[in-house]
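Hi,

Have a look at it first, then read on.

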Amino acid sequence: MECNYIPEKLLTNNHRLNVILRTFFRLSPINLRGNRKGDAYPLTPQANVALLKAYNLSKDKEIIQMLLKRIWKLRSTKTKHFALKQGIKISISLYENDKEDPTPLNTVWFGQFLLEEQAGIFSKQDKKELLLSISDYLIEESGYNDHHSEGVYFYYGPTLKKEIYNASSLISSFLLRVGHLYDIQLYKTLGERGIQYIVNKQNDDGSWFYASPPEIKSIDCFHQSYILQALCMAKDYLPFDISISIEKGIRYYRQNLFKKYGDLVIPIRYDKRYPPRNTWLFQLVDGRDIAEALIFFSKYSYDETMINGLLSYLYKEFHNKKTGAFASEILIWGKNKIPYIEFQAWFLYALKIVSSSIKKESI
């Protein structure tokens, strides 16, 4: 079960009421949705894409092929080009998407898997066709806003026109990589301009707000990691230098969104200068703060001290030794022990990244 899941019988035609329902279930530390067999919950893309990325590292063909069968079932019926659908109705304060609506970010994560696929499951032609179809969906259907000399912003979803920087950064770096792989100038140009826009939106202290004005200013931990990962993936393909932007971003990320307590490195959910007005306000640590930090400090900016401290904290506070599952978050009133499937998948991917990076560093 995914954390945003609301039982369909409770959904209404009122966006605000659905947001209240989602918030109620999301912040409950125990499962109040009712128990169902695992296969009875709706199929959603985020966990399956994360699992694909995880098992790609071990080149496990059998599991990857099983996961791909799920992915093909998750193709959106609302797009001409390839895009994954939400799978469930998503109701948050910024937007509401139906279960068949496409999800650009999950589609890009699937595209990242294709770019890095090592198991040899796809032919070169099949992989190329999928990557080009995803890219065309992002450009032609999901679309972008051209800010001219500032760059371009890629939209986060089919109904949201407000600017969410982390998603646009990941889309931009993906298009850049695909453009260079197949020498497609349109992808390269738009990817470059997308990264340019993100760099231009960086704050003086190295941070990025989650969303553009007039949204309430907020800065949180794992979305900073998303942006930094995107910039690190893009830097070698750009005709301009973004090393200063990356350095400033890493400095802010390390110094402001983590604290040390003995041997533990503990993520800080959000920058206290900008209190959020959503569920982040009730979180002390989101599991993705840990997972995305482990990925970043293992794959993009290797830091053994950060990795060891984060691992120690993860296994001390989040891991259930009896079940093997990880908690999804720590709320101000206690630990959320519901083993949401997307959190388990991202933790698995992060731990596999850590394992892979340690092996490389030891060679």
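In which loop is Asp-183 found? Asp-183 is in the loop between helix 6 (165-182) and helix 7; helices (H or I, at least four residues) and strands (E, at least two) are DSSP runs, numbered from the N terminus.

Before the rest, some housekeeping. This is a predicted model, where local features need pLDDT of at least 70 and side-chain atom pairs count only at pLDDT 80 or more, while totals for chains, interfaces and linings use all residues. Residues are numbered from 1 along each chain as its sequence is written, and side-chain values use heavy atoms, with hydrogens and water left out.

Asp-183 counts as exposed because its relative accessibility is 58%; exposed means over 50% relative accessible area, buried under 20%, and partly exposed in between (1.4 Å probe, protein chains only).

His-148 also has a positive phi, near 60 degrees, and is a residue other than glycine. You'll find His-148 in the loop between strand 3 (144-146) and strand 4 (152-154). With a relative accessible area of 60%, His-148 is exposed. Tyr-197 is 49 residues away from His-148 in sequence, yet their C-alpha atoms are 9.6 Å apart in space.

There is a cis peptide bond too, joining Pro-213 and Pro-214, with omega about 10 degrees. Pro-214 belongs to the loop between helix 7 (185-200) and helix 8.

The core

The largest nonpolar core has 113 residues, and the members that touch the most others are Phe-110, Tyr-253, Phe-258, Leu-294, Phe-297 and Phe-318. Helix 8 (residues 221-234) gives the largest share of this core, 10 residues. By nonpolar core I mean a set of buried Ala, Val, Leu, Ile, Met, Phe, Trp, Tyr and Cys residues joined through side-chain atoms within 4.5 Å.

If you click on Tyr-253 and ignore its neighbours within four places in sequence, its contacts (heavy atoms within 4.5 Å) include Cys-221, Gln-224, Leu-228, Phe-258 and Phe-297.

Rings and charges

The structure holds 30 aromatic pairs. Rings of Phe, Tyr and Trp (its six-membered ring) pair if their centres lie within 6.5 Å; planes under 30 degrees apart count as stacked, over 60 as edge-to-face and the rest as tilted. Tyr-153 and Tyr-155 make an edge-to-face pair, because their ring centres are 5.8 Å apart and their planes are at 85 degrees. Both Tyr-153 and Tyr-155 are buried. Elsewhere, ring pairs link Trp-72, Phe-82, Phe-110, Phe-113 and Phe-122 into a cluster.

Two charges sit over rings, which takes NZ of Lys or CZ of Arg within 6 Å of the ring centre and within 35 degrees of the ring normal. Arg-269 lies over the face of Trp-280, 5.3 Å from the ring centre, and the charged end of Lys-272 is over the ring of Tyr-270, 4.6 Å from its centre.

Strands

Strand 5 (residues 258-261) and strand 6 (residues 264-267) pair antiparallel over 4 bridges; strands pair if DSSP finds at least two bridges between them. Phe-258 has Pro-267 as its bridge partner in strand 6, and Tyr-261 stands opposite Leu-264. This hairpin has 2 residues between its strands, and Gly-262 takes a positive phi near 65 degrees there. From strand 6, Leu-264 and Ile-266 point one way and Val-265 and Pro-267 the other, and all are buried.

There is also an open sheet of 3 strands in the order 7-8-9, paired antiparallel. Its edge strands, which each pair on one side only, are strand 7 (283-286) and strand 9 (334-336). Strand 8 (residues 329-331) is joined to strand 9 by 3 bridges, with Ile-330 opposite Lys-335. Helix 11 (residues 304-318) packs on the sheet, touches strand 7, strand 8 and strand 9, and makes about 65 degrees with the direction of strand 8. For that angle, axes are lines fitted to C-alpha atoms, for helices over the stretch in contact, and angles run from 0 to 180 degrees between N-to-C directions.

Cheers
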